[in-house]
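Trainee: Could we go through this one together? I'd like to learn where the labels come from.

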Amino acid sequence: MKQKLSGIGLAVVEIVVGLFLLISPDTLTRAVVIIAGIALLVMGVVSLIGYFRSDPVGSVLGQGMTKGLMEIAIGAFILIKTGWVVGVFDTVIALAILLLGVSKLGMSVDLMRLKDSGWKPALLDAVVTLACAVIIVSISASDAIWMVIGISLIVQAVLDIVVTFFSGKKKDGDVVVEGQED
């Protein structure tokens with residue numbers, strides 16, 4: 001149940017982000033890039049502090065200094081080159097949506113093999129996600145890309161909610177449904 005609520009919560013966030021992308025894509029993109037840069041800087045500082053506060057052997061094995069310096073470097077790059085990062089952000093999002101579609105396709109096949117009745121909505125979700133990725137990759141105008149990304153996030157989120165409600169239902173005796181025991 002906790003996993004389903006988490007999935008629904010993530011879907012709601014996707015819907016909100018999708019709506020913001022439809023209303024003000026430039027502002028949202030710039031804000032996300034800046035927040036990511038700041039978050040990486042903070043994570044880098046925390047990693048470095050953790051590195052120097054832990055024992056030397058643990059520090060070396062955890063590579064806290066390397067992680068911290070890389071996080072700081074990437075965060076600083078993002079903040080210094082915000083315009084450039086915003087310019088390639090749509091391509092990164094398109095790639096992320098494509099990879100998400102591939103992942104959803106794998107999940108739908110897994111559900112089908114488990115004889116879970118949620119495989120059909122999951123397959124539809126995967127196909128829609130992959131179609132959105134193809135459309136986003138094929139569009140060249142930046143504003144149109146953000147509009148399609150916003151719409152695709154909303155559609156995917158709604159389909160994710162549908163899949164969440166349909167998955168985990170037994171079709172035959174092969175799958176144990178969450179919360180039920182033999």
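Trainee: Why is F52 called exposed?

Mentor: Its relative accessible area is 59%. Exposed means over 50%, buried means under 20%, and partly exposed is in between (1.4 Å probe, protein chains only). F52 has 59%, so F52 counts as exposed. Before we go on: this is a predicted model, where local features need pLDDT of at least 70 and side-chain atom pairs count only at pLDDT 80 or more, while totals for chains, interfaces and linings use all residues. Residues are numbered from 1 along each chain as its sequence is written, and side-chain values use heavy atoms, with hydrogens and water left out.

Trainee: What makes Y51 and F52 an edge-to-face pair?

Mentor: Rings of Phe, Tyr and Trp (its six-membered ring) pair if their centres lie within 6.5 Å; planes under 30 degrees apart are stacked, over 60 edge-to-face, and the rest tilted. Y51 and F52 have 4.9 Å centre to centre and 80° between the planes, so they form an edge-to-face pair.

Trainee: How many aromatic pairs does the structure hold?

Mentor: Two. F77 and W84 also form an edge-to-face pair, at 5.7 Å centre to centre and 75° between the planes. W84 is exposed at 51% relative accessible area, while F77 is partly exposed at 39%.

Trainee: What does the pattern along the sequence look like?

Mentor: Reading along gives α-α-α-α-α-α-α, with seven helices and zero strands. Helices (H or I, at least four residues) and strands (E, at least two) are DSSP runs, numbered from the N terminus.

Trainee: Is K104 buried or exposed?

Mentor: K104, in helix α5, has a relative accessible area of 8%, so K104 is buried. Leaving out residues up to four places away in sequence, K104 touches A122, D125, A126, T129, Q156 and D160. Contact means heavy atoms within 4.5 Å. Across the protein, buried residues make up 31% of the 182 residues.

Trainee: What makes a group of residues a nonpolar core?

Mentor: They are buried Ala, Val, Leu, Ile, Met, Phe, Trp, Tyr and Cys residues joined through side-chain atoms within 4.5 Å. The largest one here has 17 residues, and L21, V33, I78, I97, I136, W146 and I149 have the most contacts inside it. Helices α2, α5, α6 (119-138) and α7 each supply at least two residues of this core.

Trainee: Which residues does I97 touch?

Mentor: T129, A133, I136, I149, S152 and Q156, again not counting residues up to four places away in sequence.
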